[in-house]
Each structure stands twice: as structure tokens, then as C-alpha cells.
Amino acid sequence: MPRRDAASRRLLSAELLSVGSELTTGETRDTNAGELARALSGLGVTVGRIQALPDDLDTVVAAFTDALERADVVVSTGGLGPTPDDLTREAIAAVAGETTTIDAGLETWLRGLWDRRGMPFAEINLKQAWLIPSATAIPNPNGTAPGWWVDRPDGRLIVALPGPPREMRPMWTDWVLPRLQARGLGRDLVVRTLRLTGIGESLVAERLGDALLRASNPVIATYARTDAVDVRIAALPDGGNGGGAPRSAAEVADAAEARVLAAVGEHVWARGETTWRQAIGEQLDELGWRVAAVEMGLGGELTALFGDAPWLARSESRAEAGHDAPGADGRSASLEATADRARREAGTQVGLAVRATQRGGDMAVTVAISSPVRRHTERRLAFLGGSMGRSRAALTAAAVLLAELRRHDARSPAAATESTIGEEARP
């Protein structure tokens, strides 16, 4: 058991070890580390390193030893099976300087699993009943490999979990995480994410500036996702050591968010993990509307983006593309007619028609929207061609649709007007 002073150690930093040669050879993709890192980071824990390790005892021992020099908590996944190449228990025992023994309670539990099935018990499975004096077994309701919770004399912790996600997740969520929180896990952290469209990551970074992006509190970072550029704000309380009044984490985040919005606010379309489908759906719910969509030259990307959204009454994908030069009024009128027809035939309030055409190395995109308020057409240029360009064309159409729906919030569905905009942007 840890000493009284050791048990009061705040758990503010962590490192993650993923054990198994199937990871280092690329045969299996590690999803555990990402899930654990997100969970810990969201609770104000700094995750310093994530490592994948082969089934080599010296390598695993060294990784645990080094991680315990840097982090308050070391969480491992994998290497808890019954075979000789499952080496996590041996490695932890070596680091702790303790000897493994078979725990009688775990042995009874294991043998009972086999007895229940009327199957012979292979003695090799007794390895999964091993414990060391400083370890507590973590119950595994979905497998045969219990985890280990290991208290170190200095208050640091080792948590060893099995590799299969269906076993690891409930053990982490139901058993490990509540105990970590009871020990004092993380800091008072406020995290906010702003989702941007119509602007590239480099321009976002340029507008925010080095002073904001290099600050230690809050930490502001930009991420180029497939569907948006995200700006993440992670704020801790400010004790006011610089002469100012102390501020809560929320107050620090508020001030940072105001600066971010001043720089790039016109490009923010959502917050958190909101998807285009969700954002458009929320706006349509407020209006009580549904959509019928026709895409041409996008290869089904728009349909894939919207999926089986309940607000999408009909979605049609056509191979048609052709030449879509700026100012091609006849083509725009034809696309508006397609949007009108889609709306009428599906009995929806909104008709959406999108045409994408390769132009040089990029994709020319025309979006026509027909609604009870007005007809609206925009022409944009999506960065890159080919499959990536078609995907970006779908995102462009979603951005135009969402912006148009939000304009309708401030309007009454009176007489329809028409609007045509020629705009080239790189979403």
C-alpha cells in the first residue's frame, strides 16, 4: 500500500504504453491509446508520450522504468494474455522488484470460467491469475485477463489493461477511472473547440498569431480535419501571479475565445464535435423544414456526407459534370431549376442542387438552393481535384446550405427573392 503522503500525490501527468508486436509490425491498429489519451486530456491530465512496444521483455521493462520517471500515471494495454510472449506482468514485476505468485481468488475465478463451459482447463492460463504484492487485480467481466492496479511507493501508479477494446473500455470506465478520480486526477480544465470552414489552417494560424498559439495557458491549437479546421482552447485556472486578479478556467477560456472569434469568427460554423449533418439538422429542425438534394459530378460524396439524416427526404447522385465556367448564367439557371424540381417532387421545403467540375487542378462548385424564402446560387472553387476535390465540393455545398438556412432564421417566409453570388474560395 502507498504511504499516506504518497497517496495524496496529484495525478497530473500520464504516459501510455501499448504492448504487442502486432502493433509495431503494423498488423493491428492501436485504437486504445487514442481513446485513453482523449479521456485523460479531457480531465486535465497532460499525456506526455504514447509508445507502441514489441513483445520484448527488456524493451517493455525499460519503457515502464522511463515512463515512471516522468509521469504520475502509466497506463498500459496489451500483453496480459496467458502465452509466453505476453510480458506485461513480468515487466511490471521487474520494475517493482517483486515476485509474481498465483492469487487463489483469481485462480478460482479462472477455473470457474472453464468449468461453466464444461471445458478442460489448460494450466498455462494460471499466468492470468498472477499478482505481485503491490498490485490489485482489476476485474475483467468480458475476458479472462484481469488487469493490474499497481501502487508505487512515491504515489505514482501503474494501470495495466488488456488489449482487446471490448475488454479494456469497461474496465477503464467502470473500475479504473473512478479510482483515479478519487485519488485526485487532473486539473480543473475547460476545453472548447471552434469548427471553421472557408479558411485554411495556415491562414487561421497567421490570424491568431504566435503570441496566442504559443501561450502556456490557455493552450490554443489548430487542427486540419477532413471536414473543418478546428481551433481547440484548453484553459486552466489563472492564479493571478502576474499581478492580475485570479481567474477561473472558464474565465480564462472566455477571454481566449473572444480573441479567437475576433480573428476568425466569421468562419466558425459549429462547436465541439458537431458534424455538418448535425449542424444542418439543428437548423432545419428550428425551421421545420426538410431537404431534397441532387448532386452532379461529386461521385456520391454529398450523399455520403449527409448519410441517412432524418431531414434528408431524397438524395440523387448523377455523373453529369461538364464545363462550368464563371458567369455561365444558363447553367446556373438550369441548376436552380433542378433545385426547384427536387423540392417540388419530394414535397420538401428545400431543394439543393450541386454541380462540381474539374477546373485545372481544382474543382469548380456551383450550389443552388430553392426554399420558401428565395432562390440562392453560389459559385466557389474547392481546393484540389479528383476524389479529394469531390469531397471538398460536398463540404462546400454543406457550408453554403447551412449559411443559407441560418439567414432564414432572421426572415419571415414572405415573397421569394433571388440571389446569385459568384465567389471563389478554398474551403
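At what angle do H3 and helix H7 (residues 165-182) pack, and how far apart are their axes? I take that up in the first point; please bear in mind throughout that this is a predicted model.

1. **H3 against H7.** The two helices pack at an angle of about 15 degrees, and their axes are 11 Å apart. Angles under 35 degrees count as roughly parallel, so H3 is roughly parallel to H7. Their crossing is right-handed. On the H3 side the contact is made by Asn32, Glu35, Leu36, Ala39 and Leu40, and on the H7 side by Pro165, Met168, Arg169 and Trp172. Sorted by class, this contact has six nonpolar, one polar and two charged residues.

2. **H3 over the sheet.** Helix H3 (residues 32-42) also lies across S1, S2 and S3, and its direction is at about 170 degrees to S1.

3. **The six-stranded sheet.** The order of this open sheet is S2-S1-S3-S8-S7-S6, with mixed pairing. Strand S2 (46-53) and strand S6 (135-138) are at the edges; each has a single partner strand, so one side of each is left without a neighbour in the sheet. From one strand to the next the twist averages 15 degrees.

4. **S1 and S3.** Within that sheet, strand S1 (residues 13-19) and strand S3 (residues 73-77) run parallel and are joined by five bridges.

5. **H4 against H5.** For helix H4 (residues 57-70) and helix H5 (residues 88-96), the axes come within 9 Å and cross at roughly 50 degrees. H4 and H5 are therefore oblique to each other, and their crossing is right-handed. H4 brings Leu57, Val60, Val61, Phe64, Thr65 and Leu68 to the contact, while H5 brings Thr88, Glu90, Ala91, Ile92, Ala94 and Val95. By class that gives nine nonpolar, two polar and one charged residues.

6. Is H5 mostly covered or mostly open? It is mostly covered, with seven of its nine residues buried. The buried residues of H5 are Thr88, Arg89, Ala91, Ile92, Ala93, Val95 and Ala96. Their cover includes H4, S1 and S3, along with strand S5 (130-131), strand S7 (147-151) and strand S8 (157-161). After H5 comes glycine 97, which has a positive phi near 70 degrees.

7. **The S16-S17 hairpin.** The hairpin that joins S16 to S17 runs through three residues. One of the bridges has alanine 364 facing leucine 381 in S17. Strand S17 (residues 374-382) is mostly covered too, as eight of its nine residues are buried.

8. **The chain as a whole.** To finish with the totals, the secondary structure comes to 14 helices and 18 strands. The chain has 427 residues, of which 47% count as buried. Among contacts in the chain with a separation of 6 or more, 67% are accounted for by residues 24 or more positions apart.

Methods
Residues numbered from 1 in each chain as written. Predicted model: local features only at pLDDT ≥ 70, side-chain atom pairs only at ≥ 80, totals over all residues. Heavy atoms only, no water. Pairing = 2+ DSSP bridges. Helix = DSSP H or I, 4+ residues; strand = E, 2+ residues; numbered from the N terminus. Axes fitted to C-alpha atoms, helices over the stretch in contact; angles between N-to-C directions. Contact = heavy atoms within 4.5 Å. Parallel < 35°, antiparallel > 145°, perpendicular 65-115°, else oblique. Left-handed = near helix turned anticlockwise from the far one by under 90°. Nonpolar A, V, L, I, M, F, W, Y, C, P; charged D, E, K, R; others polar. Buried < 20%, exposed > 50% of the residue type's maximum accessible area, 1.4 Å probe, protein only.
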